[in-house]
Amino acid sequence: MNIILLGPPGAGKGTQARKLVDERTMVQLSTGDMLRAAKSSGTEMGLKVAAVMDAGELVTDEIVIGLIREQLELDNGASGYIFDGFPRTLAQADALGELLVGMGENLDCVIEMQVDDEALVARITARSTCGSCGEVYNDNTKPIPADEKCTNCGASDFQRRADDNEDSLRTRLMAYYKQTSPLVGYYYAKGDLKSVDGLASMDDVAASIKSALD
Ligand code: ADP
Ligand code: ZN
């Protein structure tokens, strides 16, 4: 089964993707994670995209489609992919369709995670992650433990993303509305779209995704 998690920044795509990976032995393909890895390892491409990402703008289609293509070749044979943060433009959506056809695979479902804008700003400006395992924390709803050790892996390396500030977030939201939200209509028209309420609790969102998939 291959699925896309679609939604604005802060909708909870990464959190739900991680849950699905644990429960279903699927593979998560997050272009945001791939780009951050390139950025922190200082590759030529990473250096090129760093400023664009920090400002909250979209990286070129050519770069992200290339990343996804490479990763699909490496993971070939996985029991299913969760695309998280990709596609973000119509050109990326078309490219993904072609890549899947080329592998003899289908797109089974696109899950749109709906969250209102106020909630996104509140979530993102309170967010930090474990630098070691990626566990997500939130100052209001899931604060970093008092002993400053990650509840998931025990590391003490909490990080805030360079683009999780109010200015970059507004740019990311604008990019979402201008470039990514047309994909909601695109996948609806193809008959692949299911929408879930992303404002519910983490477990309730997971339950709605499960019932959309089964
Ligand atoms: P979020 O969904 O919280 O904004 P991501 O981790 O998915 O975060 O993406 C972070 C940044 O990486 C984006 O703001 C953008 O600069 C870049 N990026 C990630 N995926 C894509 C993509 N598919 N196309 C273009 N840029 C991307
Ligand atoms: Zn951790």
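Colleague: How many bridges join strand β1 to strand β4 (residues 109–114)?

Modeller: Strands here are DSSP runs (E, at least two residues), as helices are (H or I, at least four residues), and both are numbered from the N terminus. Two strands count as paired if DSSP finds at least two bridges between them. Strands β1 and β4 run parallel, with Cys 109 of β4 as the bridge partner of Ile 3. The number of bridges joining β1 to β4 is 4.

Colleague: What pLDDT do local features need?

Modeller: Residues are numbered from 1 along each chain as its sequence is written, chains are lettered from A and ligands numbered from 1 in the order in which they are written, and side-chain values use heavy atoms, leaving out hydrogens and water. The model is predicted: totals for chains, interfaces and linings use all residues, side-chain atom pairs count only at pLDDT 80 or more, and local features need pLDDT of at least 70.

Colleague: Which residue of β3 is the bridge partner of Leu 5?

Modeller: Strand β3 comprises residues 81–84 and runs parallel to β1, to which 3 bridges join it. Within β3, the partner of Leu 5 is Asp 84.

Colleague: Are the residues on both faces of strand β1 buried or exposed?

Modeller: In a regular strand, side chains alternate between the two faces of the sheet. In β1 (residues 3–6), Ile 3 and Leu 5 lie on one side, and Ile 4 and Leu 6 on the other. A residue is buried under 20% relative accessible area, exposed over 50%, and partly exposed in between, with a 1.4 Å probe and protein chains only. By that criterion these four residues are all buried.

Colleague: Which strands stand at the edges of the open sheet of 3 strands?

Modeller: The order is β6-β5-β7, with antiparallel pairing. Each edge strand has a single partner, so one side of each is left without a neighbour in the sheet. The strands at the edges are β6 (136–138) and β7 (158–159).

Colleague: Which helix gives the most residues to the shell around ligand 1?

Modeller: The shell holds 20 residues, of which Thr 31, Arg 36, Glu 57, Gln 92 and Arg 172 come nearest; a residue is near when one of its heavy atoms lies within 4 Å. The shell divides into 7 nonpolar, 5 polar and 8 charged residues. Here Ala, Val, Leu, Ile, Met, Phe, Trp, Tyr, Cys and Pro count as nonpolar, Asp, Glu, Lys and Arg as charged, and the others, Gly among them, as polar. With 4 residues, the helix giving the most is α2 (residues 31–41).

Colleague: With which side chain does that of Asp 163 make a polar contact?

Modeller: Asp 163 is found in the loop between β7 and α7 (166–180), and counts as buried at 9% relative accessibility. Contact means heavy atoms within 4.5 Å, and, beyond residues up to four places away in sequence, Asp 163 touches Met 53, Asp 54, Ser 168, Leu 169 and Arg 172. A polar contact is a pair of N or O atoms within 3.5 Å; within protein, one must be able to donate a hydrogen and the other to accept it, and residues adjacent in sequence count only if both atoms are side-chain atoms. At 2.9 Å, the partner of Asp 163 is Arg 161.

Colleague: What is the omega of the cis peptide bond that joins Phe 86 and Pro 87?

Modeller: Pro 87 lies in the loop between β3 and α5 (90–102). The omega of the cis bond joining Phe 86 to Pro 87 is about -5°.

Colleague: What is the phi of Thr 25?

Modeller: Thr 25 lies in the loop between α1 (13–24) and β2 (27–30), and counts as exposed at 61% relative accessibility. Although Thr 25 is not a glycine, its phi is positive, at about 45°.
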